[in-house]
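Me: I am new to this one. Could you walk me through it with a few questions and answers?

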Amino acid sequence: MATIAMPGRVEAAAPARPAEPTGVWSWITTVDHKRIGTLYLFTALFFFVVGGTEALVIRLQLMKPNMGIVSADMYNQLFTMHGTTMVFLVIMPLSAAFFNYLIPLQIGARDVAFPRLNAFSYWVYALGGVFITAPIFLSLAPNGGWFGYAPLTTTAYSPTLNIDFWVIGLQILGISSLAAAFNFITTIINMRAPGMHLMRMPIFTWMSFVVQFLVILAFPVITVALVFLLFDRFFGTNFYTIAAGADPLLWQHLFWIFGHPEVYILILPAFGLVSEVLPTYSRKPLFGYPVMVYSGILIGFLGFGVWAHHMFSVGMGPIADSIFSLTTMLIAIPTGVKILNWISTMWGGQIRFTTAMLFGIALVALFTMGGISGIMHSSAAADLQQTDSYFVVAHFHYVLFGGAIFGIFAGVYHYFPKMTGRFLDETLGKWHFWVFFVAMNLTFFPMHFSGLLGMPRRIYTYDAGQGWELFNMMASLGAFLQGAGMLIFFYNMWRSYRQPATAPADPWGAPTLEWTIPSPPPDYNFAKLPQVTSRYPLWDEKGREAMIQHRAGDRIPSAEELHIPMPKSTAKPFVVALFMTCMLASLIFLHVEGMATVGILATIAFALAMVGTLYSWLLSPLE
Amino acid sequence: MTTATLTADHGHTHGAGGAATPEHQPHHTTLGLDHRKIAIWAFIGSECMLFISLISTYLIYKGKSLVGPYPHEKWTDPNTGETFNAILNIPVTSASTFVLLMSSLAMVLAHNAVINRTGKAKWWLLTTILLGTGFLGFQAYEFTSFVHEGLTIKTNLFGSSFFTLTGFHGAHVTVGVLWLCTLLAIDLKRGLKPEDGLIVDLSALYWHFVDVVWIAIFTLVYLIP
Amino acid sequence: MANAADAHGHDAAHEHHPTAGTYWKVGIILTIITVWEVWAYYIPSLVASRIFIPMLLILSAVKFAIVVMFYMHLKYDHKLFRALFTGPLLVAMATVVGLLFLFGKVAVRLAA
Ligand SMILES: [Cu+2]
């Protein structure tokens, strides 16, 4: 991204925009929230390809009865890693890419509250992702499902290293999410531009705000559950040892206390993105903004009281089943309110069917379908028929693929010009959308039927003659069609990269602060901090002109010229993240015959290195 | 580990009337509060969930151990006939509880000394550190005597959940002691001034929270049979 | 807020800090409650009675609240901090109560 020639009133000597640093080192040392957002985006897209490839192998194996593409053991690793990858390495980081890129821009800030902590979060994620993914090449990838139910995952039943990679990997990734959550909470509370009070905050920022609280409340619980499992596996404790009197449901409860809020952590950012996209292309303010905000908060809060609906089949008794049925039905109400608000937003609007809008509308439709099958599960009696069948697989792919991924793609098409200064091609984008839409339904809709016909989840093959052949063939073809859709998307990105940057500050006529500054924004974001007077400043008749900070052809001054102090680039967050990951990764050796001493020594050495670097980081000034 | 990183980006903001130098305008903050203080409170909120998970597990497994030693009752091994006393040592733990409580008092007095320039900050910081270390000493004594009496982390559900819960708490105290030592080193090197009230406050909030967790543990684990 | 910063140069939120005297008094109250708790533990008839567990729970809750209000000065600080602490604390309390119910711990105590 060297200097870009801009047409118009640019003097020959002065570049149109300040030169951005280039090279690998500049990315390792960056503390700019936008560059970190970009890193998140590309890393998560890389893992999307990884997780997608795993899914394609799974679908190839299940295409026909009794296929032998992979062994049963490798199949276990594939579906475990597909789930783990998509949840922790794809959807959460894709959301994090938007948190990073958009939150400071939407609230009118120059960066996040703790820029170096932000870089640290990214590097922990990237290194943790490599740590948990790489073992699949040695057939050592986690193989206990993304939920890792203990006691199945204790040493007695899973003696090999596979689960150790999962336990330690998730701990590493959890640290990344927690550090990022403290950062964004502080940013949103304390870095809003003058006049940006809470009820003027863009809805994406609002939903992100709720998500950060879900992260700080849900992740400690799985941290503890994983520590127990780690201690059981490495030090012989009894948390999940049934023979010692342990309760076989302890893990399930702790996991789902985390696990259910986690699904809102996955979906709410996409809801936020779509709540930006739908009003923009309908040219109408979001219908019922306050209701949207409150329903988001309510979903977050109620999300902590529904976890046991994942456990109806374990026999908790009629009282517990009834209570969790009820709370689950209750939580559908604020979610349904959101759907209604989106439809009402579009109602009577001047709709432009851009690619982003298509993805947004599709989210409303597909998520509704996933939501309806979700309400079906909330009845304990019905759930007993559906649990652990492909019906559930269909349900959560409608929610997480039709919901989260479609919402994120709506965000990608909408914000791509803001992030890169370049447009994605609309024709190719629509091809991408329609291929995706058809493929998505082709893959996951038939799973409702195979599920109701009794096909269990997680089986690596099946016999002919049970009525599942057609549905599996459809699902497999759909999966490959999805792969084709992704190829179109990547080709679109590559094409866009080769074209000149022509995007103006507000290419879509969107209303919020991020569209008042150049595309892509300079490192300091806002040359002068905006004074916010309404929810949609760029749609105000009055005051609109005053909000615009950049017009086509304007020269973009550098931070030095504007005397804006910028945080210094530093590799310290990266180094601390590296040492911390190595420290936790070394624990693996405790489970390798004869390597325990090496493991302990390495852990201590990396811990000391980490603390030393951390002190050096803390004692060096930011700017 | 995240604890320490929270204080990371000092210098980026100076809350209302912080140490802003003329050529260096304070950054805008919405509420006039320091970023770090918001972050530490969010962190403490998160820690509530961490400790509640540990405490819940302890309570769920209370009375579920198949073999002794037990926390509050005698136990005779049916195979060997060997008798084990109730393992919790209430007098010692009451003393250590008192020590930790007093360390909180010393901590607020240290903070008070810093913002009021009484010059006694280093003594109160030192007192807090010594009391905190004393608590850890009690814990080390407790753990080793339990092991001698036949209770390890592997023995039974009580051992697993007890050592993990109190061990996590002890680890938090250890981090707090290191943090306070850092503050003491800063004080000895250049003297903590009223402007540094905030960085002392951050460590104090963490320290009191760890104390408050112990208040819950002392009642739920030690006193209630 | 920046304009309102006082001449002493410390955080505006610290204006209403309690004095050292208050801290000592709080320390004495905490000590008294702790002595009370331990004393109760050594009276077998009290331990056997129905009020023992509720009493201990209330006493530790009072200690908890006093430390949070005075030593962590939530009583005097910005209301945001109060929300950041009590919100998660409530979720945590609800979680532990829910779990004890699910594992049959609370029901046992109610029946006793
Ligand atoms: Cu759920």
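Me: How many helices and strands are there in chain B, and in what order do its elements run?
Reply: This is a predicted model, in which local features need pLDDT of at least 70, side-chain atom pairs count only at pLDDT 80 or more, and totals for chains, interfaces and linings use all residues. Residues are numbered from 1 along each chain as its sequence is written, chains are lettered from A and ligands numbered from 1 in the order in which they are written, and side-chain values use heavy atoms, with hydrogens and water left out. Helices (H or I, at least four residues) and strands (E, at least two) are DSSP runs, numbered from the N terminus. Chain B has 6 helices and 2 strands, and from the N terminus on they run α-α-β-β-α-α-α-α.

Me: What percentage of the residues in chain B is buried?
Reply: Buried means under 20% relative accessible area, with exposed over 50% and partly exposed in between (1.4 Å probe, protein chains only). Chain B holds 225 residues, and the buried part of them is 62%.

Me: Why does B:T166 count as buried, and which residues does it touch?
Reply: B:T166 is found in helix α5 of chain B, residues 157-190. B:T166 counts as buried because its relative accessibility is 0%. Contact means heavy atoms within 4.5 Å. Leaving aside residues up to four places away in sequence, B:T166 touches B:Q139, B:F143, B:W214, B:I217 and B:Y222.

Me: How much area do chain C and chain B bury between them?
Reply: The size of an interface is often given as the accessible area lost when the parts come together. Buried area here is the accessible area (1.4 Å probe) that two parts lose on being put together, summed over both. The contact takes 50 residues from chain C and 51 residues from chain B. With 78% of it on carbon and sulfur atoms, the area that chain C and chain B bury is about 4600 Å².

Me: Which side chains meet in a salt bridge between chain C and chain B?
Reply: A salt bridge is a side-chain nitrogen of Lys or Arg within 4 Å of a carboxyl oxygen of Asp or Glu. The count between chain C and chain B is 1. At 2.6 Å, N to O, the side chains that meet are those of C:D77 and B:K37.

Me: Which element gives the largest share of the side of chain C that touches chain B?
Reply: On that side of chain C, the elements that give two or more residues are α1 (20-41), α3 (52-71) and α4 (79-102). The largest share, 13 residues, comes from α4(C).

Me: How far apart are the centres of domain 1 and domain 2 of chain A?
Reply: Domain bounds come from an automatic or database domain assignment. Chain A is divided into domain 1 (33-554) and domain 2 (573-623). Taken over C-alpha atoms, their centres are separated by 30 Å.

Me: Which residues in domain 1 of chain A lose the most area to domain 2 of chain A?
Reply: In this contact, 22 residues of domain 1 of chain A meet 18 residues of domain 2 of chain A. The two domains bury about 1800 Å² between them, 84% of it on carbon and sulfur atoms. Together making up 36% of what the domain 1 side buries, the residues that lose the most area are A:R116, A:F120 and A:L127.
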